[in-house]
Amino acid sequence: ELTKISIITPTYNRMLLLLRLWDSLKNQKFLGFEWIIIDDGSTDNTETEIKKLNDKRIKYFKQENKGVNAARLAGEKKINMNSKYVIYIDSDDAFFSSETILDMYNHITKTDNSISSVIFSSVDGNTGELVSILPKNKDRIKYIDSLVGEKFVGDAIAIQKIETLKDAYWPDKVSGCEFLRHWTLNKKYDFLSINKPGKRYF
């Protein structure tokens with residue numbers, strides 16, 4: 001199966017949580033993905049346990065500790081040349097269902113060049129309650145919508161077109177502040193919001 005989607009996960013001393021994320025990944029109906037793990041200087045047994053999984057879709061890389069945004073940037077440099085889309089998911093989260101990635105793929109392949117990303121909502125991994133606010137119906141999120149913060153609030157998960165990666169960078173000198181990248185990208189492209197859960201947020 002040709003790689004069409006690259007999933008990037010930064011991690012630091014979260015071996016058990018990574019295995020929970022893998023459980024949600026290995027059962028996906030969409031098979032054409034690679035999972036790029038950037039181990040940001042873990043001191044636990046992450047490397048040993050990940051290598052035990054022995055799955056060719058897993059691409060594991062270890063670096064000295066540089067922070068989560070630097071790890072995401074490092075992950076982007078490892079993306080398979082055939083890949084068309086990228087999904088970022090943290091090591092303590094999980095995909096909502098076995099159909100999530102297929103659903104994301106089916107939505108983004110139908111978008112035009114004015115859209116860079118398709119956003120799905122997140123639910124609390126323990127309670128099942130929504131932790132993100134998206135429009136009730138499928139809708140475009142414009143830059144002003146991101147700034148005002150009424151249409152789109154909270155922790156969501158997106159699938160993004162690889163060719164738009166050059167238009168926004170993770171703020172690698174700080175920890176967090178991911179919204180800076182989000183705003184930069186949204187200045188140039190609209191996002192498409194889908195009112196369906198894509199992630200279990202823990």
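Mentor: Let's start with what gets counted: a helix is a DSSP run of H or I with at least four residues, and a strand is a run of E with at least two. On that basis the protein has six helices and 11 strands. Keep in mind that this is a predicted model.

Trainee: What is the accessible surface like, and how are the charges placed?

Mentor: The surface is about 10100 Å², with 51% of that belonging to carbon and sulfur atoms. There are 31 positive and 28 negative side chains, and the centres of the two sets are 5 Å apart.

Trainee: Now helix H2, residues 46–53. Which of its residues are buried?

Mentor: Thr46, Glu49 and Ile50.

Trainee: How do you know that they sit on the same side of H2?

Mentor: They span an arc of only 100° around the axis, and that puts them on the same side of H2. Lys51 and Lys52, on the other side, are exposed.

Trainee: What covers the buried residues of H2?

Mentor: The cover includes strand S1 (5–11), helix H1 (15–26), strand S2 (33–40) and strand S3 (58–63).

Trainee: Why is Asn54 called exposed?

Mentor: The label needs a relative accessible area over 50%. Asn54 has 70%, so it counts as exposed.

Trainee: What about Asn13?

Mentor: Asn13 is not a glycine either, yet its phi is positive, about 55°. You'll find Asn13 in the loop between S1 and H1.

Trainee: Why is Asn13 called partly exposed?

Mentor: Buried is under 20%, exposed is over 50%, and partly exposed is in between. Asn13 has a relative accessible area of 31%, so it falls in the middle class.

Trainee: What makes helix H4, residues 100–108, mostly covered?

Mentor: Seven of its nine residues are buried. They are Thr100, Ile101, Asp103, Met104, Tyr105, His107 and Ile108.

Trainee: One more: where is Pro135?

Mentor: Pro135 is in the loop between strand S7 (132–133) and strand S8 (139–141).

Trainee: How do you know whether Pro135 is buried or exposed?

Mentor: Set its relative accessible area of 13% against the cut-off for buried, under 20%. Pro135 passes, so it is buried.

Trainee: What is Pro135 in contact with, beyond its neighbours within four places in sequence?

Mentor: Its partners there are Ile141, Lys151, Ser193 and Asn195. Asn195 is 60 residues from Pro135 along the chain, but their C-alpha atoms are separated by 6.6 Å.

Definitions and conventions:
Residues numbered from 1 in each chain as written. Predicted model: local features only at pLDDT ≥ 70, side-chain atom pairs only at ≥ 80, totals over all residues. Heavy atoms only, no water. Areas by Shrake-Rupley, 256 points an atom, 1.4 Å probe, with all protein chains shown as cover. Lys, Arg positive; Asp, Glu negative; His and termini not counted. Charge placed at Lys NZ, Arg CZ, Asp CG, Glu CD. Buried < 20%, exposed > 50% of the residue type's maximum accessible area, 1.4 Å probe, protein only. Arc of directions from axis to C-beta. Contact = heavy atoms within 4.5 Å.
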